[in-house]
Amino acid sequence: MKDDLILLAHGGGGLLTQELVEEIMLPAFKNSALAARDDGALVQISGTELVFSTDAYVVKPRFFPGGDIGKLAVCGTVNDIAVCGAKPLYLSVAFIIEEGFSRRELSEIVASMAQAAKEAGVQIVTGDTKVVERGNVDGLYITTAGIGQRLPGITVSGSLAKAGQDIILSGSLGEHAMTVMAQRHGLTLPEEIRSDCAPLNGVIEELLQAVPQISVLRDVTRGGLATTLHEIAEQSGVTLTIAEEAIVVHPAVRAAADMLGFDPLYLANEGKFLICVESTYSQRVVDILQQHAKSGDASIIGTVGNGLPGRVVLKTLVGGERILDMPLGDLLPRIC
């Protein structure tokens, strides 16, 4: 029976993932922290506000220009905590390793994780290792979880977008997805095109200290910009309108995406994030972001309205408008 089967597309972050979570996970685990549907859960322990987040990494290939599965696992969880308005502090890591996996490769990945943790200023303080029979996993899967302390006076959530705010994107789109795809299929991209995988907590903390009025932060990962905008539009019950001309895509990334039939707006990123903030503060946000190498292409890409709640509208280069739909499943499987 088809309805009994989990498809690859159910893990893609699109409508099928949303359906799986809403029909199976949310009813079973029901609680207020989970119901917020942000990248991490805000919890209180003895009066201290903490953000707790977890993610799993199955990227193929495990090494690619700009990163590897270990760096991705550390940066992904660090960034999920940072966009919840918290300072990441401690991580855990679990390895699921296939029998026969290379000790040398595992050592390289662990060293990469240690370097990424050092760059992010976090410590990996606990973990687990399981080895399973040959053929039961594809080499190595990693799960990381982390906790961070909420920054004083900061409240951000995907549910806090309001009409009249500006939408700001921290940089160009699609480098991670196209880098992994090129590596997977033996395509040649210009040397300057590399995964944007990076810890973002430093620039985000500086930004929140300078502009605490920011109400929405969300990293633009699986499903790309269009999916992230959809999540915010649905959480907040607003319309998000973006201008195609304001969105930066490297020409080589656009050319590769065109060749393979992908829309850059749906490509995964691992070092970009979205902001919603009152227009009074927009230029200050952009000015701060453009001072950092990781966000030098930051720009205002659109506005928040309330005409079509839950919808995302793209103003095209030729002056038209079209609705950006949420993808059904996974455009690029095993990209993170």
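Visitor: How many disulfides does a search of the whole structure find?
Guide: The search finds 0 disulfides, a disulfide being a pair of cysteine sulfur atoms within 2.5 Å. Bear in mind that this is a predicted model, where local features need pLDDT of at least 70, side-chain atom pairs count only at pLDDT 80 or more, and totals for chains, interfaces and linings use all residues. Residues are numbered from 1 along each chain as its sequence is written, and side-chain values use heavy atoms, with hydrogens and water left out.

Visitor: Okay, which cysteine sulfur is closest to that of cysteine 75?
Guide: That of cysteine 197, but at 4.1 Å the two sulfurs are too far apart for a bond.

Visitor: And is cysteine 75 buried or exposed?
Guide: Cysteine 75 is buried, at 1% relative accessible area. Buried means under 20%, exposed over 50% and partly exposed in between, using a 1.4 Å probe and protein chains only. Cysteine 197 is buried too, at 3%.

Visitor: Switching to helices: at what angle do H6 and H9 pack?
Guide: About 150 degrees, with the axes 10 Å apart; H6 covers residues 201–210 and H9 residues 282–289. So H6 is roughly antiparallel to H9, a label for angles over 145 degrees.

Visitor: Which residues meet there?
Guide: From H6, Val203, Glu206, Leu207 and Ala210; from H9, Arg284, Val285, Ile288 and Leu289. Contact here means heavy atoms within 4.5 Å.

Visitor: What's the breakdown by class?
Guide: The contact of H6 with H9 has 6 nonpolar residues, 2 charged and no polar. Ala, Val, Leu, Ile, Met, Phe, Trp, Tyr, Cys and Pro count as nonpolar, Asp, Glu, Lys and Arg as charged, and the others, Gly among them, as polar.

Methods
Axes fitted to C-alpha atoms, helices over the stretch in contact; angles between N-to-C directions. Helix = DSSP H or I, 4+ residues; strand = E, 2+ residues; numbered from the N terminus. Parallel < 35°, antiparallel > 145°, perpendicular 65-115°, else oblique.
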